[in-house]
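I opened a new notebook page for this one. Below is what I looked up, in the order I got to it.

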Amino acid sequence: MSAIRADESAFDTFVASRLRSLSRAAHLLTGDHHLAEDLVQTTLFKAAKAWHRIQGDPEPYVRRILHNEGVSMWRRRKLQEVPLEYGAHRPGPAEDSDLRISLRDALTTLTPRQRSVIVLRYYDDLTEVQTAAVLDIAPGTVKSMTREAFAKLRQNAPHLADLITAGGDA
Amino acid sequence: MTGQRLHDLLHELGDTQPAVEVRPDVFRQGRRAHRRIVLLAGASLLAVIAIVGSLATSVLDQRTAPPAGGDLPPAIPTHVYAVPERLVSFTENGYTWGSDLGESDLAVGRASVSLSFPGPVVISAEDGRYHLLDLPGYDWSSPRGTNAPTMALSPDGRRLAYSWYLDDDMMDDNHVPSGVRIVDLETGAVTSIRDDRGYGVVVEGLGWSPNGRYLVYSKAIRTSPNGTSGARSFFVERLDTRTETSARIDGIQFADHGLGVSDAGWVAAGNPATMVGADGVQLDLGLWGTSNASWSTNGERIAFGSVQNGTVSIVGRTGRGSQRTVVGGGTVSVLGWTPDDRVGVLYLEGESAQVELVSRPGVREEVVTMDREVRITTVSVATELLDQPTRDFAEPDWPFDPQSLVVPGLIVGVVVLALGAGYASERQRRRR
């Protein structure tokens with residue numbers, strides 16, 4: 001029983017310290033507060049289930065769950081929801097003050113994998129190798145997915161071209 | 001804008017969002033889910049074991065269970081399986097069935113086949129079950145040292161005659177209880193025909209008349225308490241089962257193989273083929289190399305098996321009209337005549353022994369196969385059932401064989417060890 005209590009204490013400590021970061025990443029991945037809440041909840045539930053198997057820092061493991069679950073959630077939603085007309089999602093020209101909203105909307109036009117790559121690379125500041133490790137793909141794939149993500153953003157949100165070009169080159 | 005600008009913008013976008021609320025019991029929910037998975041895996045493993053076990057049991061049950069339809073007529077099995085010798089134990093009192101294997105309740109119902117090796121066995125005509133009989137005073141030593149039947153099933157399969165020698169009765173001077181016993185397989189009642197001469201008698205070559213009234217056999221008086229090596233004074237006897245009186249047949253001194261007796265009480269023996277009529281006159285039938293004899297139902301013809309040449313010979317009781325049919329194999333044993341006047345014969349061929357019905361020279365019909373381990377001279381058949389359709393009964397579920405548990409035992413052992421190692425490893429990890 002003491003081992004279980006210790007596990008629970010470690011889990012609670014991890015959640016307390018990382019919940020905000022996980023919530024932000026979930027927001028960026030889903031673009032929706034409720035979906036982000038579901039995503040984090042599911043991620044932590046799965047992490048708790050496998051907590052006894054986690055050796056060392058749980059952060060990479062939980063982050064991997066978050067991104068994989070984000071993809072799974074997107075797939076489930078695709079089956080359940082009728083997508084909006086393209087024009088309704090397409091971000092229009094925006095003022096600088098609305099740039100964040102434009103970026104958020106533009107991210108929703110990406111595939112979940114592409115979104116994960118962008119979030120991991122430019123929000124969590126992971127290297128290509130680290131990103132590849134989290135998503136369990138090759139570093140070369142990270143590079144190509146980043147390129148494809150920016151190409152799509154340039155096409156769907158031309159007013160973000162400067163941002164995207166610079167980011168893509170970074 | 002730069003990569004740093006994208007980074008900043010993403011942070012601004014994320015930082016404007018409030019942290020999500022997490023249920024306080026998420027950890028416990030997760031652990032409960034984990035335990036459910038562990039329990040489910042354990043239950044699945046048990047279920048798989050149970051399913052495999054039940055399937056195996058089901059298969060075995062199907063193999064031993066009577067076929068659907070309890071009103072099916074009695075039948076001879078399509079295949080007769082050899083009874084494993086491992087079921088026999090050797091004790092200070094001689095051979096016997098292994099512990100708790102023998103059936104002392106002899107009311108087992110009508111039988112289709114009897115086997116006297118490695119011990120007394122009858123196969124039920126109703127459901128094909130093998131009954132390992134615990135016959136009182138059954139002479140276990142004789143079937144191992146003789147070519148002549150020491151047990152014979154009546155033509156209707158309702159009675160079983162066997163050689164009896166020294167059961168629970170105490171030996172009184174030189175008078176050893178022995179002789180012939182007849183079991184009524186429907187009631188379990190045993191009739192004893194006792195002969196107290198010498199150290200008892202050895203009874204061999206048992207044969208029934210087609211109507212089941214007469215029983216004929218050869219006798220040898222034992223001159224020592226053990227075995228037949230000291231036997232002397234051979235003679236043949238005919239028993240009238242209605243009156244339970246026996247008569248010595250002087251025309252035939254001894255029969256190496258089975259004897260035959262007609263409904264009229266006439267006796268025949270092979271090697272050389274000999275017939276003794278009601279008047280006691282012996283007639284040499286002119287056939288050599290013959291083994292056991294069997295009379296036709298009308299008493300007009302006698303069928304003989306062969307010792308070596310794989311034939312069945314049919315001859316009139318006057319010695320005329322001899323017909324010889326090659327049926328294959330070396331030793332051919334005549335089982336008896338069917339109600340429609342065909343001869344059932346048993347012989348070895350290839351990997352199995354076979355029962356065939358011979359109606360006339362060259363016309364044969366295979367009806368039953370037997371494991372090669374079955375000693376054909378120890379088999380008798382309810383001949384009244386020979387012309388009925390045979391039935392497929394699955395191989396019996398022979399009692400426990402330690403060797404059969406070696407592989408499953410190893411598998412279970414490995415699984416248990418693996419589970420134990422996993423559990424110990426998990427406990428060790430938790431302690432750390």
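**Where the two chains meet**

Next I asked which elements of chain A give two or more residues to the side that touches chain B. They are α1 (2-30), α2 (33-49), α5 (99-107), α6 (112-122) and α9 (161-169). Helices here are DSSP runs (H or I, at least four residues), strands likewise (E, at least two), numbered from the N terminus. The largest share, eleven residues, comes from α1(A). By class, I found 22 nonpolar, seven polar and ten charged residues on that side of chain A.

I noted one salt bridge between the chains. It joins the side chains of A:Glu8 and B:Arg28, 2.9 Å from N to O. The cut-off is a side-chain nitrogen of Lys or Arg within 4 Å of a carboxyl oxygen of Asp or Glu.

For the whole interface, 39 residues of chain A contact 33 of chain B, with contact meaning heavy atoms within 4.5 Å. The buried area is about 3600 Å², and carbon and sulfur atoms give 68% of it. That area is the accessible area (1.4 Å probe) lost on putting the two parts together, summed over both.

**A note on the model**

This is a predicted model, in which local features need pLDDT of at least 70 and side-chain atom pairs 80 or more, while totals for chains, interfaces and linings use all residues. Residues are numbered from 1 along each chain, chains are lettered from A and ligands numbered from 1 as written, and side-chain values use heavy atoms, without hydrogens and water.

**Cores**

The largest nonpolar core has 46 residues, and B:Leu115, B:Leu160 and B:Met370 are among those touching the most other members. A core is a set of buried Ala, Val, Leu, Ile, Met, Phe, Trp, Tyr and Cys residues joined through side-chain atoms within 4.5 Å. Buried means under 20% relative accessible area, exposed over 50%, partly exposed in between (1.4 Å probe, protein chains only). A second, separate core of 42 residues includes A:Ala36, A:Val40, B:Leu9 and B:Val26.

**Chain A by itself**

I listed nine helices and zero strands in chain A. Of its 170 residues, 46% count as buried.

Methods. Ala, Val, Leu, Ile, Met, Phe, Trp, Tyr, Cys and Pro count as nonpolar, Asp, Glu, Lys and Arg as charged, and the others, Gly among them, as polar.
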